[in-house]
Amino acid sequence: MIQLKILSGKMAGTEMVARHFPFCVGRSSTCELSLDEPGVWDRHFQIQLDSTRDFVLVTDPQTSVTLDGKSVQQTPLRNGDVIEIGFAKILFGLSSTTQKGLTLREWLTWVGLVALCAGQILLIYRLPG
């Protein structure tokens with residue numbers, strides 16, 4: 001679904017994939033992403049999935065969150081947004097996808113084409129001539 005990459009702090013370089021929402025970020029061990037950084041509150045913010053299928057950042061009323069240099073309380077997130085909480089910077093992005101294997105479908109397509117060609121050749125030889 002979404003990927004959060006920590007850009008600064010003790011956990012810099014760590015990537016976390018969020019598959020269930022709401023997804024909590026904060027200092028508490030009950031949060032899905034727990035950050036032990038100065039200025040990070042126990043439950044700093046959540047990422048929610050709203051009815052229009054947008055990812056929305058919702059902050060705790062007591063906390064301060066900066067999104068791409070602007071202070072926010074509740075806002076939709078876009079791929080590439082940088083979230084700053086305390087001394088931590090987090091990059092919000094869409095997680096990479098994996099394509100399903102198509103080997104069986106490709107083989108069935110080729111078998112079908114060969115059968116079709118063989119059927120046409122058989123019909124050509126059976127024509128009265």
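Guide: A strand here is a DSSP run of E of at least two residues, numbered from the N terminus, and two strands pair if DSSP finds at least two bridges between them. The model is a predicted one.

On one side of the pairing, β10 is joined to strand β11, residues 88-94, by four bridges, and the two run antiparallel. Within this pair, E84 faces K89 of β11 as its opposite residue. The hairpin made by β10 and β11 has two residues between its strands, and G86 adopts a positive phi near 60° there.

Strand β10 has a further antiparallel partner in β7, residues 65-67, to which two bridges connect it. Here T66 has E84 of β10 as its bridge partner.

Elsewhere, an open sheet is formed by five strands in the order β4-β3-β5-β6-β9, with mixed pairing. Strands β4 (33-34) and β9 (74-76) are at its edges; each has a single partner strand, so one side of each lacks a neighbour in the sheet. Within this sheet, β3 (residues 23-26) and β5 (residues 45-49) run antiparallel and are joined by three bridges. V25 has F45 of β5 opposite to it.

The aromatic residues complete the picture. Two aromatic pairs are present in the structure. In one of them, the ring centres of F21 and F55 lie 5.3 Å apart with the planes at 45°, so this pair is tilted. The pair links distant parts of the chain, since F21 belongs to the loop between β2 (15-18) and β3, while F55 belongs to strand β6 (residues 55-59), 34 residues apart. F21 has a relative accessibility of 23% and therefore counts as partly exposed, whereas F55, at 12%, counts as buried; the cut-off for buried is under 20%. Ring pairs join F21, F55 and F92 into a cluster.

Methods. Residues numbered from 1 in each chain as written. Predicted model: local features only at pLDDT ≥ 70, side-chain atom pairs only at ≥ 80, totals over all residues. Heavy atoms only, no water. Phe/Tyr/Trp six-rings, centres within 6.5 Å; stacked < 30°, edge-to-face > 60°. Buried < 20%, exposed > 50% of the residue type's maximum accessible area, 1.4 Å probe, protein only.
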